[in-house]
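Hi,

Here is the structure I promised to pass on. Have a look at it first, and then read on for what turned up.

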Amino acid sequence: MAVTITLLLMRHGLSCSNVLDGCMTHIENVDQAFQPHIFDAIDRELVETPFDRAVGYGAAEIKGDDCTLVLERPDQTTAKVRLHDAYRDPKLTDCGVELSRRAGVALRRRYSKPALVMSSTLQRARETAQHVYPDAVVEEAPFLAERAPSNPEIQLDNEPRALDGASLVPDGVARNSSDWGQFLLFLGETVAPRVTTASASEVGPPLENKVDGDGAAVVFVAGHGDYLQEVCGLDAKPANNAVLRRRIVISDGVLREEPGPCDLVLRGAAEAAKNDVQLDADDVARCVDPFPVAPFLEFDEAS
């Protein structure tokens, strides 16, 4: 018996580091934002990185860019990175939580109860999955973490914090691993039903009793924009909360990916900084760790 797994791949909701792409373009305003406690917070996050401390900054050049941060190495050489890159494992913004809940309402009309709900090891993906399927246990899975293709010298936004929840990450696998091929191997060997003959199947956890009579199951995965762009062969990153569909078939112990691009199931939300979606301070109230993002943003009046 062949088993077909429909993967619903959602890009996480709007995160606290995403909105830093709306960083202020006027240096006098950025001067006000970069108070000493901001530098202290950034320096604490630089432990176990190639850098010792933050020593400078710059305003965004245009709307839709991030502010820049100058970091110093132990040999006193420096590098410029985005402020975004120094914001470790961000949460969802307040509006990201709300938009993820709304996306969940829409998605559950078509896929009410997946066999399994998974996310990457990063906080913004885990929170997205929790709000899309609030009654499910969200399991973090390996090999799904984001890696920016620009490969900046640090990517603290893609470094997971300590786990607070259920995990399927095997012992010995780094929680910041990013590899679609390895994820598919994990899916076939650890998650998926193990088909033994055409007439009988051995189904192991965590999908036990969750494959229907036709040998089909739906698995939801909350992941990341650059990662999904590459996996699905897209010209650009999908929007926050967009859902793409990819089918996996397992037959006679062989796992095969459906060829071609992923199907679009749900369009998702426009990017706040780059598509003129206006935020106010209440939309980023939960964005305070490792430092508040609100001082770096220009807001319209709250409605």
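C232 and C262 form a disulfide, with their sulfur atoms 2.1 Å apart. Before going further, please keep in mind that this is a predicted model. The torsion about the S-S bond of C232 and C262 is about -80°, so this disulfide is left-handed. C232 belongs to helix α6 (residues 225–232), while C262 sits in the loop between β12 (254–257) and β13, so the pair ties together parts that are 30 residues apart in sequence. C232 has a relative accessibility of 1% and counts as buried; C262, at 10%, counts as buried too.

How many disulfides does the structure hold? There are three. Another one joins C16 to C287, with an S to S distance of 2.1 Å. This pair links distant parts of the chain: C16 is in the loop between β1 (3–11) and α1, and C287 is in the segment after β13 (263–266), 271 residues apart. The torsion about the S-S bond of C16 and C287 is about -75°, so that disulfide is left-handed. Both C16 and C287 are buried.

The remaining disulfide joins C23 to C67, S to S 1.8 Å. Here, too, distant parts of the chain are linked, with C23 in the loop between β1 and α1 and C67 in the loop between β2 and β3, 44 residues apart. The link of C23 and C67 is left-handed, with -90° about the S-S bond. C23 is buried, and C67 is as well.

If you count the bonded cysteines along the chain, the disulfides follow the pattern 1-6, 2-3, 4-5. Which cysteine sulfur is nearest to C95, which is in no disulfide? That of C287, 8.2 Å away. C95 counts as buried, at 12% relative accessibility.

**Helix α2 and what follows it**

Next, have a look at helix α2, which covers residues 36–45. Its buried residues are I38, F39, A41, I42 and E45. Where do they sit around the helix? Looking down the axis of α2, you will see the buried residues fall within an arc of 160°, so they line one face of the helix. P36 and R44, on the other side of α2, are exposed. As for partners, the buried residues of α2 pack against α1 (27–33), β2 (53–58) and β3 (68–72).

The loop between α2 and β2 contains T49. What does the side chain of T49 reach? The backbone oxygen of L46, at 2.7 Å. T49 is also in contact with I154 and L156, once its neighbours within four places in sequence are left aside.

**Salt bridges**

A search of the whole structure gave 14 salt bridges. I will go through some of them here.

One of them is between E72 and R53, whose closest N and O atoms are 2.9 Å apart. This pair connects distant parts of the chain, with E72 in strand β3 and R53 in strand β2, 19 residues apart. Are the two partners buried or exposed? E72 is buried, with a relative accessible area of 12%, whereas R53 counts as partly exposed at 41% relative accessibility.

The side chains of E153 and R73 also meet in a salt bridge, 2.7 Å from N to O. Again, the pair links distant parts of the chain: E153 is in the loop between β6 (138–140) and β7 (166–167), and R73 is in the loop between β3 and β4 (78–82), 80 residues apart. E153 counts as partly exposed, at 47% relative accessibility.

Then there is a salt bridge inside a helix. The side chains of R102 and E98 meet at 3.1 Å, N to O. Both residues lie in helix α3 (residues 94–108), four residues apart, which is about one turn of the helix. R102 is exposed, with a relative accessible area of 54%, and E98 is partly exposed, with 33%.

Finally, which residues are linked in a network of salt bridges? They are R245, R247, E258 and D263.

Terms used. Residues numbered from 1 in each chain as written. Predicted model: local features only at pLDDT ≥ 70, side-chain atom pairs only at ≥ 80, totals over all residues. Heavy atoms only, no water. Buried < 20%, exposed > 50% of the residue type's maximum accessible area, 1.4 Å probe, protein only. Helix = DSSP H or I, 4+ residues; strand = E, 2+ residues; numbered from the N terminus. Arc of directions from axis to C-beta. Contact = heavy atoms within 4.5 Å. Polar contact = N/O pair within 3.5 Å; in protein donor to acceptor, adjacent residues only side chain to side chain. Salt bridge = Lys/Arg side-chain N within 4 Å of Asp/Glu carboxyl O. Disulfide = S-S within 2.5 Å.
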